[in-house]
Amino acid sequence: MLVDSTRCSINGSGHTFSRPVKLVDGDLMLPREIITLLEREVDEEVFSYVEKTFTYTPPTFSATPRTILPKTPEPTPRPKWVVVLDPGHGGSDPGAIGPDTRVTEARLNLDIARLVADKLRARGCTVYLTRSSDIYLSLGHRVRFANNRDADVFVSIHHNASRDRSVRGFEVFYSKNNPNGASRLKRSVELGKSICNSLHGRWNTRNRGCKHKSLYVTRLTSMASVLVEVEFMTCRDIEKQMTGDWFQGQAAAGISIGIMNHLRN
């Protein structure tokens, strides 16, 4: 029999009572039913006791408030490939204008950039466009936009122009004088050559190659960077085709496949 317990064992038999045994001011307080049971077991009165009444209050427990720490969010994994496309010109800067179609270079650049973006996203790339509407952006804004996206490649899309309306061909430029080192230059050259190879033979034009030219957006971006001149929009034999779905689809396919071949290698 234990103090504060409602259970006891008498002659090997367990018993449970409605109230516990208490020790109050040195006196052992037993419930009347325990006394009755003990007397019945020995068949005589074995205790001299005084009955007292007391109020039993079950103990209460105050739980210390538990501090619940906020769950640390899992870091967002970086996308497998990140590409920034830069449709050149826009807004108050239309770029070149087709002599016959009067279509602006800014519009053609954006048309093809959107098609390239769709094709790259379908292959698992995360793609950002420096502009998605006909707005003006400074060259500095375009560079900062790309550098802040932790991109793998940057491709600026343009169209060429010449006073000689027989001149045709695509060409790709990278910048040797980028301050980000030889590794970045090597990747830019590889990207440019990959795009050139993929554009080659897609329409009746001249492959003018991949070459160095110190351009602001390819000189100051931190990732592999090139500028693609898709075609001379002043060429009388090609100008009207350049606004059509077939031509733009071929150009977008060549650029996107060139980018993907570079990323996978």
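Trainee: What should the 18 residues of H4 span?

Mentor: Helices are DSSP runs of H or I with at least four residues, and strands are E runs of at least two, both numbered from the N terminus. The expected span of a helix is 1.5 Å times one less than its number of residues. For H4 that gives 26 Å, and its end C-alpha atoms are 26 Å apart, which agrees. This is a predicted model, in which local features need pLDDT of at least 70, side-chain atom pairs count only at pLDDT 80 or more, and totals for chains, interfaces and linings use all residues. Residues are numbered from 1 along each chain as its sequence is written, and side-chain values use heavy atoms, without hydrogens and water.

Trainee: Which residues of H4 are buried?

Mentor: Buried means under 20% relative accessible area, exposed over 50%, and partly exposed in between (1.4 Å probe, protein chains only). The buried residues of H4 include Arg-184, Ser-188, Leu-191 and Ile-195. An α-helix has 3.6 residues a turn, so residues three or four places apart point the same way.

Trainee: What covers the buried residues of H4?

Mentor: Contact means heavy atoms within 4.5 Å. The cover includes E7, E8, strand E9 (207-212), H5, E10 and H6. Just after H4, Gly-201 takes a positive phi of about 80 degrees.

Trainee: How many residues has the largest nonpolar core?

Mentor: A nonpolar core is a set of buried Ala, Val, Leu, Ile, Met, Phe, Trp, Tyr and Cys residues joined through side-chain atoms within 4.5 Å. The largest has 44 residues, and Ile-195 is among those with the most contacts inside it. Helix H4 (182-199) is one of the elements that give two or more residues to this core. A second, separate core of 12 residues includes Val-84 and Leu-215.
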